[in-house]
Amino acid sequence: MITLRKSEDRGQANFGWLNAKHTFSFGHYYDEEHMGYSALRVINDDTVESSAGFGTHGHKDMEIISYVTQGLIKHKDSMGNVKTLPKGEFQLMSAGKGVQHSEFNGSDSQQLKLLQIWIEPNELGGEPGYQQKQFGNEHGITPIVTPTGEAGTLKIKQDARLSQLILPKGESINLEVDSKRKGYVHLVEGQIEVNGIKMDAADGAKISDENALLIRNTSDDLVTALIFDLP
(Lines give C-alpha, C1' and ligand atoms only; values in the text may rest on other atoms or scores of the structure.)
Protein backbone atom coordinates (compact mmCIF):
# COMPACT_ATOMS: atom_id res chain seq x y z
CA MET A 1 0.00 0.00 0.00
CA ILE A 2 1.23 3.48 -0.88
CA THR A 3 -0.38 6.46 0.87
CA LEU A 4 0.44 9.83 -0.67
CA ARG A 5 0.99 12.96 1.42
CA LYS A 6 0.85 15.97 -0.91
CA SER A 7 3.14 18.90 -0.23
CA GLU A 8 0.27 21.39 -0.05
CA ASP A 9 -1.48 19.33 2.63
CA ARG A 10 1.37 19.67 5.13
CA GLY A 11 1.19 21.89 8.18
CA GLN A 12 2.83 25.30 7.94
CA ALA A 13 4.33 27.90 10.25
CA ASN A 14 5.75 31.26 9.16
CA PHE A 15 7.66 33.34 11.70
CA GLY A 16 9.20 35.76 9.22
CA TRP A 17 12.75 34.52 9.71
CA LEU A 18 11.55 30.90 9.34
CA ASN A 19 9.03 29.40 6.92
CA ALA A 20 8.46 25.76 7.89
CA LYS A 21 6.32 23.05 6.35
CA HIS A 22 5.58 20.03 8.54
CA THR A 23 4.91 16.55 7.17
CA PHE A 24 3.95 15.40 10.68
CA SER A 25 2.55 17.19 13.74
CA PHE A 26 5.11 19.63 15.13
CA GLY A 27 5.02 22.79 17.24
CA HIS A 28 1.71 24.60 16.76
CA TYR A 29 0.63 22.21 13.99
CA TYR A 30 -1.31 19.24 15.29
CA ASP A 31 -3.07 16.57 13.24
CA GLU A 32 -3.89 13.30 14.98
CA GLU A 33 -3.77 11.51 11.61
CA HIS A 34 -0.19 12.67 11.01
CA MET A 35 1.78 12.03 14.20
CA GLY A 36 4.68 10.28 12.48
CA TYR A 37 5.19 6.94 10.79
CA SER A 38 6.83 4.03 12.58
CA ALA A 39 9.99 5.51 14.16
CA LEU A 40 9.92 8.50 11.80
CA ARG A 41 8.57 11.38 13.86
CA VAL A 42 9.43 14.61 12.03
CA ILE A 43 10.15 15.86 8.52
CA ASN A 44 10.30 19.65 8.56
CA ASP A 45 10.98 21.48 5.30
CA ASP A 46 12.58 24.69 6.58
CA THR A 47 13.48 27.94 4.83
CA VAL A 48 15.61 30.21 7.04
CA GLU A 49 16.29 33.82 6.13
CA SER A 50 19.85 35.16 5.89
CA SER A 51 21.79 35.46 9.17
CA ALA A 52 18.84 34.01 11.11
CA GLY A 53 18.45 30.63 12.76
CA PHE A 54 17.58 28.42 15.69
CA GLY A 55 19.16 29.74 18.88
CA THR A 56 20.62 27.43 21.51
CA HIS A 57 18.03 24.89 22.63
CA GLY A 58 17.97 21.35 23.97
CA HIS A 59 16.95 17.86 22.88
CA LYS A 60 16.89 14.49 24.58
CA ASP A 61 16.45 10.92 23.27
CA MET A 62 16.04 11.75 19.58
CA GLU A 63 18.06 11.04 16.44
CA ILE A 64 18.12 14.31 14.47
CA ILE A 65 19.14 14.38 10.81
CA SER A 66 19.68 17.60 8.87
CA TYR A 67 20.05 17.72 5.08
CA VAL A 68 20.86 21.01 3.35
CA THR A 69 19.25 21.65 -0.04
CA GLN A 70 20.38 25.29 -0.38
CA GLY A 71 22.90 27.42 1.44
CA LEU A 72 25.00 26.69 4.52
CA ILE A 73 24.31 25.83 8.18
CA LYS A 74 26.51 27.06 11.01
CA HIS A 75 26.28 24.51 13.83
CA LYS A 76 27.42 24.74 17.45
CA ASP A 77 26.68 22.31 20.27
CA SER A 78 27.41 21.49 23.92
CA MET A 79 29.72 18.63 22.84
CA GLY A 80 32.18 21.25 21.59
CA ASN A 81 31.41 20.89 17.89
CA VAL A 82 31.57 24.05 15.78
CA LYS A 83 30.79 22.99 12.22
CA THR A 84 29.52 24.20 8.87
CA LEU A 85 27.12 22.09 6.81
CA PRO A 86 26.97 22.94 3.07
CA LYS A 87 24.42 21.99 0.45
CA GLY A 88 24.12 18.26 -0.12
CA GLU A 89 25.69 17.30 3.20
CA PHE A 90 24.08 15.22 5.96
CA GLN A 91 24.32 15.73 9.71
CA LEU A 92 23.20 13.20 12.35
CA MET A 93 23.05 14.33 15.95
CA SER A 94 22.16 11.73 18.59
CA ALA A 95 20.68 13.68 21.49
CA GLY A 96 21.08 10.84 23.99
CA LYS A 97 20.73 11.93 27.61
CA GLY A 98 20.70 15.57 26.50
CA VAL A 99 22.39 18.06 24.19
CA GLN A 100 22.23 21.81 23.55
CA HIS A 101 22.80 23.17 20.06
CA SER A 102 22.18 26.03 17.66
CA GLU A 103 21.74 26.03 13.87
CA PHE A 104 22.07 29.29 11.90
CA ASN A 105 22.02 30.36 8.29
CA GLY A 106 25.69 30.90 7.46
CA SER A 107 24.95 33.46 4.73
CA ASP A 108 24.11 37.14 5.16
CA SER A 109 22.47 37.30 1.72
CA GLN A 110 21.04 33.88 0.76
CA GLN A 111 18.20 31.81 2.18
CA LEU A 112 19.02 28.49 3.83
CA LYS A 113 16.82 25.52 2.92
CA LEU A 114 17.03 22.25 4.79
CA LEU A 115 15.14 19.15 5.76
CA GLN A 116 15.06 18.49 9.51
CA ILE A 117 14.28 14.84 10.24
CA TRP A 118 13.68 13.26 13.64
CA ILE A 119 13.76 9.50 14.23
CA GLU A 120 12.88 8.04 17.63
CA PRO A 121 15.77 5.93 19.00
CA ASN A 122 15.48 2.34 20.22
CA GLU A 123 17.78 3.03 23.17
CA LEU A 124 17.38 5.88 25.62
CA GLY A 125 19.99 7.92 27.42
CA GLY A 126 23.67 7.48 26.72
CA GLU A 127 26.19 10.05 25.60
CA PRO A 128 25.12 12.40 22.80
CA GLY A 129 26.97 12.14 19.50
CA TYR A 130 27.61 14.10 16.32
CA GLN A 131 28.29 12.87 12.77
CA GLN A 132 28.53 14.73 9.47
CA LYS A 133 29.35 13.62 5.95
CA GLN A 134 29.05 14.46 2.26
CA PHE A 135 27.90 11.44 0.24
CA GLY A 136 28.19 12.95 -3.24
CA ASN A 137 25.79 12.94 -6.18
CA GLU A 138 26.19 9.46 -7.61
CA HIS A 139 23.23 8.28 -9.63
CA GLY A 140 21.13 5.50 -8.10
CA ILE A 141 20.81 4.56 -4.43
CA THR A 142 23.39 5.75 -1.88
CA PRO A 143 23.08 4.54 1.74
CA ILE A 144 23.30 7.47 4.17
CA VAL A 145 22.21 6.23 7.60
CA THR A 146 22.32 2.65 8.96
CA PRO A 147 22.08 0.98 12.41
CA THR A 148 25.68 -0.28 12.15
CA GLY A 149 27.46 2.61 10.41
CA GLU A 150 28.53 0.12 7.73
CA ALA A 151 30.44 1.25 4.61
CA GLY A 152 31.02 4.74 5.95
CA THR A 153 27.37 5.54 6.65
CA LEU A 154 26.17 7.57 9.61
CA LYS A 155 25.26 5.32 12.55
CA ILE A 156 21.81 5.72 14.08
CA LYS A 157 20.36 4.38 17.36
CA GLN A 158 17.43 2.68 15.64
CA ASP A 159 16.71 -0.25 13.32
CA ALA A 160 16.26 2.23 10.48
CA ARG A 161 17.98 3.14 7.25
CA LEU A 162 18.02 6.26 5.12
CA SER A 163 19.15 6.29 1.50
CA GLN A 164 19.52 8.99 -1.12
CA LEU A 165 18.12 8.33 -4.58
CA ILE A 166 19.33 10.36 -7.57
CA LEU A 167 17.71 9.37 -10.85
CA PRO A 168 18.45 10.90 -14.28
CA LYS A 169 15.75 11.94 -16.72
CA GLY A 170 13.90 9.02 -18.28
CA GLU A 171 15.41 6.40 -15.98
CA SER A 172 13.82 4.09 -13.43
CA ILE A 173 14.95 1.83 -10.60
CA ASN A 174 13.42 -1.26 -9.06
CA LEU A 175 14.00 -1.62 -5.32
CA GLU A 176 13.32 -4.75 -3.33
CA VAL A 177 11.66 -3.97 0.01
CA ASP A 178 10.61 -6.06 2.99
CA SER A 179 6.81 -6.19 3.16
CA LYS A 180 7.02 -6.69 6.93
CA ARG A 181 8.68 -3.30 7.40
CA LYS A 182 7.54 0.27 6.80
CA GLY A 183 8.95 2.60 4.20
CA TYR A 184 8.71 6.29 3.46
CA VAL A 185 9.68 8.28 0.37
CA HIS A 186 10.22 12.05 0.52
CA LEU A 187 10.74 13.61 -2.90
CA VAL A 188 13.25 16.45 -2.60
CA GLU A 189 13.07 17.68 -6.19
CA GLY A 190 11.59 16.60 -9.53
CA GLN A 191 8.67 14.35 -10.38
CA ILE A 192 8.44 10.58 -10.05
CA GLU A 193 6.07 7.67 -10.10
CA VAL A 194 6.28 5.06 -7.34
CA ASN A 195 4.46 1.88 -8.42
CA GLY A 196 2.37 4.11 -10.64
CA ILE A 197 1.61 6.74 -7.96
CA LYS A 198 2.61 10.23 -9.13
CA MET A 199 4.69 12.38 -6.78
CA ASP A 200 5.73 16.01 -7.14
CA ALA A 201 8.53 17.84 -5.32
CA ALA A 202 8.09 17.83 -1.51
CA ASP A 203 5.40 15.13 -1.62
CA GLY A 204 5.78 12.14 0.70
CA ALA A 205 4.53 8.56 0.55
CA LYS A 206 4.01 5.96 3.27
CA ILE A 207 4.91 2.44 2.12
CA SER A 208 3.54 -0.75 3.67
CA ASP A 209 2.90 -4.34 2.56
CA GLU A 210 4.96 -3.91 -0.61
CA ASN A 211 7.65 -6.30 -1.92
CA ALA A 212 9.14 -3.95 -4.50
CA LEU A 213 9.14 -0.29 -5.53
CA LEU A 214 9.41 0.71 -9.17
CA ILE A 215 10.46 4.36 -9.18
CA ARG A 216 10.41 6.24 -12.49
CA ASN A 217 11.75 9.73 -13.18
CA THR A 218 8.92 11.50 -15.00
CA SER A 219 10.50 14.98 -14.96
CA ASP A 220 12.82 16.72 -17.41
CA ASP A 221 15.86 16.70 -15.11
CA LEU A 222 17.50 14.76 -12.28
CA VAL A 223 15.30 13.83 -9.36
CA THR A 224 16.44 13.52 -5.76
CA ALA A 225 14.53 11.57 -3.11
CA LEU A 226 15.10 10.33 0.41
CA ILE A 227 14.02 6.75 1.09
CA PHE A 228 13.46 5.47 4.63
CA ASP A 229 13.42 1.82 5.72
CA LEU A 230 11.67 1.69 9.10
CA PRO A 231 10.78 -0.96 11.69
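Lys 76 stands opposite Ser 102 in strand S10, a strand here being a DSSP run of E with at least two residues, numbered from the N terminus. This comes from a predicted model, where local features need pLDDT of at least 70 and side-chain atom pairs count only at pLDDT 80 or more, while totals for chains, interfaces and linings use all residues. Residues are numbered from 1 along each chain as its sequence is written, and side-chain values use heavy atoms, with hydrogens and water left out.

So what else goes on around S10? Strand S7 (residues 72-77) runs antiparallel to S10, and 5 bridges join them; two strands pair if DSSP finds at least two bridges between them. S10 also pairs with strand S5 (residues 53-59), again in the antiparallel sense and over 5 bridges. There, Gly 53 has Phe 104 of S10 as its bridge partner. S10 itself (residues 99-105) is mostly covered, with 5 of its 7 residues buried (under 20% relative accessible area; exposed is over 50% and partly exposed in between, using a 1.4 Å probe and protein chains only).

Next comes an open sheet of 7 strands with mixed pairing, in the order S1-S20-S17-S22-S15-S13-S14. Strands S1 (2-5) and S14 (154-155) sit at the edges with a single partner strand each, so one side of each has no neighbour in the sheet. Inside that order, S17 (residues 182-189) and S20 (residues 204-207) pair in the antiparallel sense over 4 bridges, and Val 185 has Ala 205 in S20 as its bridge partner.

Now for the rings. The whole structure holds 7 aromatic pairs, meaning rings of Phe, Tyr and Trp (its six-membered ring) with centres within 6.5 Å; planes under 30 degrees apart count as stacked, over 60 as edge-to-face and the rest as tilted. Phe 26 and Trp 118 have ring centres 5.3 Å apart and planes at 80°, so this pair is edge-to-face. Phe 26 lies in the loop between S3 and S4 and Trp 118 in strand S11, 92 residues apart. Trp 118 is buried at 14%. Tyr 37 and Tyr 184 make a tilted pair, because their planes are at 55°, with centres 6.4 Å apart.

Finally, Asn 44 is found in strand S4 (residues 40-48) and counts as buried at 1% relative accessibility. Among the residues that Asn 44 touches are Phe 26 and Leu 114 (contact means heavy atoms within 4.5 Å).

Notes:
Lists of a residue's contacts leave out its neighbours within four places in sequence.
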